[in-house]
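The sequence and structure come first.

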Amino acid sequence: MISVYWGCFASTKQYCVEVSTRSLLENLGMKIREVEAWSCCGHPFKGLNPKTWLYLASRNLALAGEGDLLTVCNGCYLSLKEAQHLIGSKKDVAEWVHRTLALEGLEYSEPKVLNPIEFFHDIIGGREVVNPLKGLRLGAHYGCHSIRGLAVGFDSPTNPGKLEDILERIGANAVRDYPDRLDCCGATLMAVNPDIGFTLGSRKLMMAKEAELDGVVTPCPYCFEMLDTRQETLIQLQEAPDIPVLLLQQAVGLALGIDGRRLGLNFNMSPVDRLLKNIGK
Amino acid sequence: MATGFERPEKCFQCGRCTSSCTISKVLKDYRPSRIVSSVRLGLTERTLNDTLWNCARCLKCVEYCPQKVAPADLILSLQFLAVSKGLTFPEAYEEMLRNLSETGLAFKQLSVVDREFETYTRESLNLPPLMAEARRRKIAEVLLKIGKGEL
């Protein structure tokens, strides 16, 4: 049994995240502990009121219990890790959290919060890759909140490699360095200053094109929305190139032989058919 | 204090945060090192304006700072200070706050159209339902207390 924290983006619009994660975990023989009461992780509200963030983050940690908690969004991952750090290091904060959670009848707990990169990296080692993504030049887009920040650290923040390790494991030609590999996709700016968001997003696609990547793989629903769902907008407004974008769960699922529809691949708006044709799908 | 990581007093103005900043590359006037320096010099008021909301939260400044000042975390604290003083914040956040009190999530549940122009919902994809009404109301109650400063 594993708990999966879905987060708002996956729960309300990027359905391919939940569809692909469910199919992949089932394929790996893992049963999901269903939690109906998950709420927002609080991440967007940190600057508006830190207590709003802390209550939301800690109530989800409480619901997760003590085991592994796979967190399928980078923003949520950072939010939960930072809340754990703050609660663990400041006694008055911990007391406030206990008091506030009691109002909802919840008790704080400390699950092991896992990003999809570290989770799948450690789990697919011994699995049979029935449909290797042979010949594909794939680049990793980690997304900022999986690697940077003082509360996270499953990989190097300045030269990570675990996502590329996964891509190699599933038979792709992982391009370990390309221009602006670790740069921001611009998604956060969409709420504040969309022009800047579009500039940053299209720059990521331009660099992927410059490195002659066949596709980009990301674990984050926010980055996925920016680079895949909004790709047509980036092409129209910024003359960005068209580049296939896959979720990490979709790439791994394809390699393990899961059907494209069960990975929600029909929801990708970037030209993923181009990739699928290359691997005989 | 937001995340508790910020340490503006440790800044020695090397400027690495600004040189690594995603936004400084596209917005010439946006300089995290200047924001940190204002706070360090006791001129915090000077930083409280709309500029603060341009932070992409990419955390490069946090990563590259040799003094562990955590400028991005300081900027979150300043956003909160600005909001507390009644200054405006981006409208998109107002909508997220509304969604949060109504649904417990920052976004509204949508129907989504796929590449073949078929429309899907959580129900049609056989995804489990989101939280029940009673739970939503309980969360909204706690959030309201936090908003009023009672917690």
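## Domains, sheet and a buried cysteine

In this predicted model, chain B is split into domain 1 (8–84) and domain 2 (91–147). The C-alpha centres of these two domains of chain B are 32 Å apart.

Chain A is likewise assigned two domains, domain 1 (2–116) and domain 2 (130–278). Their centres, taken over C-alpha atoms, are separated by 24 Å. Contact between them involves 23 residues of domain 1 of chain A and 27 residues of domain 2 of chain A. On the domain 1 side, the elements giving two or more residues are α1 (7–12), α2 (15–27) and α4 of chain A. Helix α2(A) supplies the largest share of that side, nine residues. By class, the domain 1 side that touches domain 2 of chain A holds 11 nonpolar, 10 polar and two charged residues.

Chain A also contains an open sheet of four strands in the order β2-β1-β3-β4, with parallel pairing. Strands β2 (32–33) and β4 (112–114) of chain A are at the edges with a single partner strand each, so one side of each has no neighbour in the sheet. Strand β1 of chain A covers residues 2–5, and β3 of chain A covers 68–71. The strand pairs are listed below.

| Strand pair | Sense | Bridges |
|---|---|---|
| β1(A) and β2(A) | parallel | two bridges |
| β1(A) and β3(A) | parallel | three bridges |
| β3(A) and β4(A) | parallel | three bridges |

A:Ser3 has A:Arg33 in β2(A) as its bridge partner. A:Tyr5 is opposite A:Thr71 in β3(A), and A:Leu69 is bridged to A:Val113 in β4(A). Helix α4 (residues 74–89) of chain A lies across β1, β3 and β4 of chain A, and runs at about 155° to β4(A). Helix α4(A) is also one of the elements on the side of domain 1 that touches domain 2 of chain A.

Is A:Cys223 buried or exposed? A:Cys223 has 28 C-beta neighbours inside 10 Å and therefore counts as buried. A:Cys223 is part of helix α10 (residues 221–229) of chain A. Apart from neighbours within four places in sequence, A:Cys223 is in contact with A:His141, A:Gly143, A:Cys185, A:Ala187 and A:Thr218. A:Cys73 is 150 residues from A:Cys223 in sequence, with a C-alpha to C-alpha distance of 9.3 Å.

Key
Residues are numbered from 1 along each chain as its sequence is written. Chains are lettered from A and ligands numbered from 1 in the order in which they are written. This is a predicted model: local features need pLDDT of at least 70, side-chain atom pairs count only at pLDDT 80 or more; totals for chains, interfaces and linings use all residues. Two strands pair if DSSP finds at least two bridges between them. Two residues are in contact if their C-beta atoms, placed from the backbone, lie within 7 Å. Axes are lines fitted to C-alpha atoms, for helices over the stretch in contact, and angles run from 0 to 180 degrees between N-to-C directions. Domain bounds come from an automatic or database domain assignment. A residue is buried if 20 or more other C-beta atoms lie within 10 Å of its own, exposed if 12 or fewer, and partly exposed in between; C-beta atoms are placed from the backbone. Ala, Val, Leu, Ile, Met, Phe, Trp, Tyr, Cys and Pro count as nonpolar, Asp, Glu, Lys and Arg as charged, and the others, Gly among them, as polar.
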